[in-house]
Amino acid sequence: REFGVVPSPETERIRKRIVESAPAVQQGTSPGHPPPATLRSQPRTVRLEDFQNLNGSADFTAFMKALADAVAIELTQVHEVVVSGSRGPVRSDTGDRDALVLRGSLLTSGHDVLVMVRLSEGWTGRELGGERFVFRNGEQFQCLPDMALCIALATRFESLHAGWQLRDLLPADRYPV
């Protein structure tokens with residue numbers, strides 16, 4: 001509107017597909033503007049569980065604690081979420097029904113290290129997304145800042161999608177983006 005141009009036919013086709021796929025949007029507001037019910041006015045709580053070292057090595061236990069701390073620090077920069085620690089099960093009667101849960105674990109095999117992090121809805125347990133990181137033993141502290149940032153950004157992305165009740169229309173494929 002500001003520049004006096006209209007969206008291309010392709011953009012309009014995509015907008016229409018999005019609007020038709022979101023049930024809350026079909027209930028009606030002006031075109032191109034999601035109804036207030038689909039937007040979260042309050043930040044969503046992300047419960048950061050203790051990241052598990054499935055190997056038992058003290059070095060990796062310290063690394064997983066440091067990774068969880070680094071993720072918590074990165075998540076403080078994400079305005080759409082508020083971080084809380086692991087304190088018992090998520091309960092609907094305490095107001096955290098919409099809480100998300102972030103869990104991580106570490107495995108090693110020889111010189112290879114695998115870290116997996118999963119985000120799920122706390123109340124339903126529905127998996128929203130996850131990240132995998134593979135690196136060589138000894139490289140973990142060089143990888144830590146980038147891993148924490150990647151996890152925080154992925155958490156923000158999945159939190160926004162879940163809050164907006166969006167779903168991917170593309171078929172799942174086996175190739176990572």
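Predicted model: local features only at pLDDT ≥ 70, side-chain atom pairs only at ≥ 80, totals over all residues.

Modeller: Residues are numbered from 1 along each chain as its sequence is written, and side-chain values use heavy atoms, with hydrogens and water left out.

Asn53 sits in strand β2, which covers residues 52–53; strands (E, at least two residues) and helices (H or I, at least four) are DSSP runs, numbered from the N terminus. For orientation, the protein chain has four helices and six strands, and from the N terminus on these elements follow the order α-α-β-β-α-β-β-β-β-α.

Asn53 counts as buried because its relative accessibility is 15%, where buried means under 20% relative accessible area, exposed over 50% and partly exposed in between, with a 1.4 Å probe and protein chains only. Of the 177 residues of the protein chain, 30% count as buried.

The side chain of Asn53 reaches the backbone nitrogen of Asn55 at 2.9 Å, and one of its polar atoms lies 3.3 Å from the backbone nitrogen of Gly56.

If neighbours within four places in sequence are left aside, Asn53 is in contact with Phe60, Thr61, Met64 and Leu106, contact meaning heavy atoms within 4.5 Å. Val115 is 62 residues from Asn53 in sequence, while their C-alpha atoms are 9.2 Å apart in space.

The buried residues of α3 are Phe60, Phe63, Met64, Leu67, Ala68, Ala70, Val71 and Leu75. Seen down the axis of α3, these buried residues fall within an arc of 165°, so they line one face of the helix; the arc is that of the directions from the helix axis to the C-beta atoms. The face turned away from that buried side carries the exposed residues Ala58, Asp59, Lys65 and Ile73.

On the buried side, Phe63 has a relative accessible area of 0%. A search of the whole structure finds two aromatic pairs, where rings of Phe, Tyr and Trp (its six-membered ring) pair if their centres lie within 6.5 Å, and planes under 30 degrees apart count as stacked, over 60 as edge-to-face and the rest as tilted. Phe63 and Phe135 form an edge-to-face pair, 6.0 Å centre to centre with 70° between the planes, and this pair links helix α3 to strand β6 (residues 127–136) across 72 residues. Both Phe63 and Phe135 are buried. The rings of Phe63 and Phe141 have their centres 5.7 Å apart and their planes at 90°, so this pair is edge-to-face. Phe141 lies in helix α4 (residues 140–164), so its pair with Phe63 of helix α3 ties together parts that are 78 residues apart in sequence. Phe141 counts as exposed, at 52% relative accessibility. Phe63, Phe135 and Phe141 form one aromatic cluster.

Conventions
Polar contact = N/O pair within 3.5 Å; in protein donor to acceptor, adjacent residues only side chain to side chain.
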